Amino acid sequence: MHFTPKRLLGATAAVSIGAAALLGAGAGAAGAAGRAYCDRAERPVWSGDPSRNMTGHGCSMPDNGRRWYTVEIDTLVESHHTTEYLNGPVDRTETLHDRTVRCMGYTTSGDTVNWFGCVPH
């Protein structure tokens, strides 16, 4: 069996989402959402399906830890790849404005916020 980065990311997100659903059964996702804001974000798209990971810049983060985060984005850039590899050729780039994306969590590195477990919009 050949595992591609897209399939590995999808499997990781599915396991994470399943674990969160089991741990949080009975708690509404809408009530557990923290609000965040990013000036700009990038997200790759493979075969029409957006990645479950997104990189944000100029983000203001909520003060408290939550299970789900609602991320409001001024400018979301989606690179549509022709293969299932992040370093593969890009067919086109689409710029979207004033988007809201829901994500399970994040990590930070300097000014960059790496969102993960994001559901397609």
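Okay, one definition before anything else: when I say buried, I mean under 20% relative accessible area, with exposed being over 50% and partly exposed in between. By that cut-off, buried residues make up 31% of the 121 residues in this chain. And keep in mind that what you're looking at is a predicted model.

So, the overall layout. We've got 1 helix and 7 strands, and reading along the sequence they come as α-β-β-β-β-β-β-β. Take the contacts with a separation of 6 or more: 64% of them are between residues 24 or more positions apart.

Now the inside. In soluble globular proteins, nonpolar side chains tend to be buried together. Here, the largest nonpolar core has 14 residues, and the ones with the most contacts inside it are Met54, Val71, Ile73, Cys103 and Trp115. The elements giving two or more residues to this core are β1 (33–46), β4 (68–81), β5 and β7 (112–116). Which of them gives the most? That's β4, with 4 residues.

Have a look at isoleucine 73 while you're there. Skipping neighbours within four places in sequence, its contacts include Cys38, Arg40 and Ala41, then Met54, and also His97, Asp98, Arg99 and Val101.

Okay, charges. Side chains of opposite charge can pair when their charged atoms come close. Searching the whole structure turns up 5 salt bridges, and I'll walk you through some of them.

Start with arginine 35 and glutamate 72, whose side chains meet at 3.2 Å, N to O. That pair links distant parts of the chain, with arginine 35 in strand β1 and glutamate 72 in strand β4, 37 residues apart. Arginine 35 is exposed, because its relative accessible area is 52%, while glutamate 72 sits at 30% and so is partly exposed.

Next, arginine 43 and glutamate 78, another salt bridge, at 3.4 Å N to O. Arginine 43 is in strand β1 and glutamate 78 in strand β4, so this pair ties together parts 35 residues apart in sequence. Are these two buried or exposed? Arginine 43 has a relative accessible area of 1%, so it's buried. Glutamate 78 is at 4%, so that one counts as buried too.

Then there's arginine 40 with glutamate 42, where the closest N and O atoms are 2.3 Å apart. Arginine 40 is partly exposed at 39%, and glutamate 42 is partly exposed at 24%.

Last stop: glutamate 94, in strand β5, residues 90–103. With 30% relative accessibility, glutamate 94 counts as partly exposed. What does its side chain pair with? The side chain of histidine 80, through a polar contact of 3.1 Å.

Histidine 80 is over in strand β4, and at 12% relative accessible area it's buried, because the cut-off is 20%. Leaving out residues up to four places away, histidine 80 touches Val45, Val90, Asp91, Arg92 and Glu94.

Notes
Residues are numbered from 1 along each chain as its sequence is written. This is a predicted model: local features need pLDDT of at least 70, side-chain atom pairs count only at pLDDT 80 or more; totals for chains, interfaces and linings use all residues. Side-chain values use heavy atoms; hydrogens and water are left out. Buried means under 20% relative accessible area, exposed over 50%, partly exposed in between (1.4 Å probe, protein chains only). A polar contact is a pair of N or O atoms within 3.5 Å; within protein, one must be able to donate a hydrogen and the other to accept it, and residues adjacent in sequence count only if both atoms are side-chain atoms. Contact means heavy atoms within 4.5 Å. A nonpolar core is a set of buried Ala, Val, Leu, Ile, Met, Phe, Trp, Tyr and Cys residues joined through side-chain atoms within 4.5 Å. A salt bridge is a side-chain nitrogen of Lys or Arg within 4 Å of a carboxyl oxygen of Asp or Glu.
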